[in-house]
Amino acid sequence: MTDDDPYRWLEDVGGDAALAWVRERNAEAFAELTCSGIFAALRDEIREVLDADDRIPYPVTRGRYLYNFWRDTAHPRGLWRRTTLASYREAAPDWEIVLDVDALAAREDENWVWHGAQVLRPDHRLALVELSRGGADAGVIREFDLVAKAFVDDGFLLPEAKSMVGWIDEDRIYVGTDFGAGSLTSSGYPRVVREWRRGTPLEDAVTVFEGEPEDVSVGAYHDPTEGFARDFVHRSVDFYRDETYLRTPTGLVRLDVPDDAYTSVHREWLLIATRSEWVVGEKAYPAGALLAADFDAFLAGRRDLTVLFEPDECTSLAGHAWTRHHLIVATLQDVKSRLTVRTPTAQGWRSAPLADLPDTGSADIFDTNPDVDDEYYLNVSGYLQPASLYRGDIGAQPEILRQARAFFPAEGLAVSQHFAVSADGTRVPYFVVGRNEPGPTLLYGYGGFEVPLTPGYSATVGRAWLARGGTYVVANIRGGGEYGPTWHQAALRENRLRAYEDFAAVAGDLVDRGVTTPAMLGIEGGSNGGLLTGVMLTRYPELFGAVVSSVPLLDMRRYHQLLAGASWIAEYGDPDDPAAWASIREYSPYQNVHRGRPYPPVFITTSTRDDRVHPGHARKMVARLREFGHDVRYYENIEGGHGGAADNEQAAHRSALIYEFLWRTLGPAPAGAE
């Protein structure tokens, strides 16, 4: 295939011809996949999971309240609500409705989708609420009064854009948005950040910082911690290189850390997470380490760094969160969670286990309240263990506040971890969930942007796949973050093929172990994972019996020219660079579809409202596959953004289509199919 693209017209997101083509493809998919008894059962069972009243209502602490955003059958767009900790401990908390998004959407005749809120500290009286039309990344930002539970008349208001906002105080905010020509980066994010004072026109806001057009984005934030109030400016040069500046009365002072390191500040402490080796004087700190320094001393030039975590071949840093006096450090040991507490003292940093928690595979710090106390919330789950929400205080055994019910029977199911050997000899871990017998198997992967895939409970996978006799597999391939930045960097840019070789190795290992056969092995991935499954389709078609690719990147020749694509050049490389394109072209799915080569059946899904990964990727791939006579079906949700669905009804419908396709293709069809 040449660079001439006969299907470029399908990139016209809302064009009449393109949408007519989409509706035709949707109708074909519906006619094929919604006519059986199993589809209706799948849809209803998934919807029941998504709308269940006994799901865990995960809280975040804001002042004296616990806030939660909740969707159910009666409130498909959702309720922003709050309660007290004492009430939350009860079986049926007394929830106070703060904002009813369904009622707001009906009143304003808008298809509002909740995108979150930033609450002003320390009073927690005002919020900046973000609402999206149809689930797109771009949103409208409106000021909200949490006492009156109403939007503020003549308050801060930003029209639809991919904006950045943050409180400074009651009368000032930082704002980066579409100010007009030249104010956005080539990725479509803010290039200019300003300080905006209440009651003044947005165009009069004072410019604080301007980045370059080729940057990913810029932003600023205010830390109001009493005694440690500071303002910072953040410049994302690319996806993995940043510059952080302290804003002072005399100007901006850059933090002298490597531009690929991640920094954060809490009270007197500066934390630095390295992504490459950092040599300071005669000391070398490895990639993946977590370091601490006194912030003021570091700014003054001292380099007294304390190593809080150092990786080894099996263990990596997964994250960290401050409480008032302590630092919780999360690590992964062969993709299983471990949590420790580091405490600064006059004698140095002390280390202790966080608490006696079950060894389930995944423990995630959900929320802390570092301004006030040493409280933390922790979510613990495993592939076969429903989630438990813990609340604790450092130094005491945590309490279980909520436990999710089991949505599918786990009897006869087991979880095991194995290691496949990739083409270059690298051991690649993967988890197998299912019965100890060969059968239809669904392999999931991602392998990008240093994102780890850790064990966790999925009621949808359990009901739609495991409970019906399927085996579920998660591959922890390179490109992800399972073993820290080196695991990710091993599959960056010109080395991207390693991620795909890893995934192919896992597929082959599943067959060698007798878990399944190629004809009964399906794969699924979304976004970068959709690119992964697209590459598997065109590069390793003989390994699979079915392929699902959702909200995918597929045309890697033009990805950097579509929506937010330019922000991912650091991950994939620049297709306009001949040397980079030579390696990208090796795997770019759209450029590697061939006539006459046998491909397994494929199902590609996306969303018209996805303003992150352009729906043109999916549309054009389907058109090319159809042109060459391959077995492909397509579904594009007119709403939904990058998540593919704007509400639970849409999410259940989309998921049911995918599982119906997988069962039909991989078989044998489970009970209930016609």
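Trainee: Why is Ser236 called buried?

Mentor: This is a predicted model. Ser236 has a relative accessible area of 12%, and buried means under 20%, so the label applies to Ser236. Ser236 is found in strand β15, residues 230-238.

Trainee: What makes the link between the side chains of Ser236 and His234 a polar contact?

Mentor: The distance is 3.4 Å, and the cut-off for a pair of N or O atoms is within 3.5 Å. Leaving aside neighbours within four places in sequence, Ser236 is also in contact with Asp215, Val216, Ser217, Arg241 and Asp242.

Trainee: Why does Gly180 count as partly exposed?

Mentor: Gly180 has 30% relative accessibility. Buried would need under 20% and exposed over 50%, so Gly180 falls in between. Gly180 lies in the loop between β11 (172-176) and β12 (192-197).

Trainee: What makes β32 and β39 edge strands?

Mentor: The open sheet has eight strands in the order β32-β33-β35-β34-β36-β37-β38-β39, with mixed pairing. β32 (414-421) and β39 (632-637) each have a single partner strand, so one side of each is left without a neighbour in the sheet. The twist averages 20° from one strand to the next.

Trainee: How do you know that β33 and β35 pair?

Mentor: Four bridges join β33 (residues 427-434) to β35 (residues 471-475), and pairing requires at least two. The two strands run antiparallel, and Tyr430 stands opposite Ala475 in β35.

Key:
Residues are numbered from 1 along each chain as its sequence is written. This is a predicted model: local features need pLDDT of at least 70, side-chain atom pairs count only at pLDDT 80 or more; totals for chains, interfaces and linings use all residues. Side-chain values use heavy atoms; hydrogens and water are left out. Buried means under 20% relative accessible area, exposed over 50%, partly exposed in between (1.4 Å probe, protein chains only). A polar contact is a pair of N or O atoms within 3.5 Å; within protein, one must be able to donate a hydrogen and the other to accept it, and residues adjacent in sequence count only if both atoms are side-chain atoms. Contact means heavy atoms within 4.5 Å. Axes are lines fitted to C-alpha atoms, for helices over the stretch in contact, and angles run from 0 to 180 degrees between N-to-C directions.
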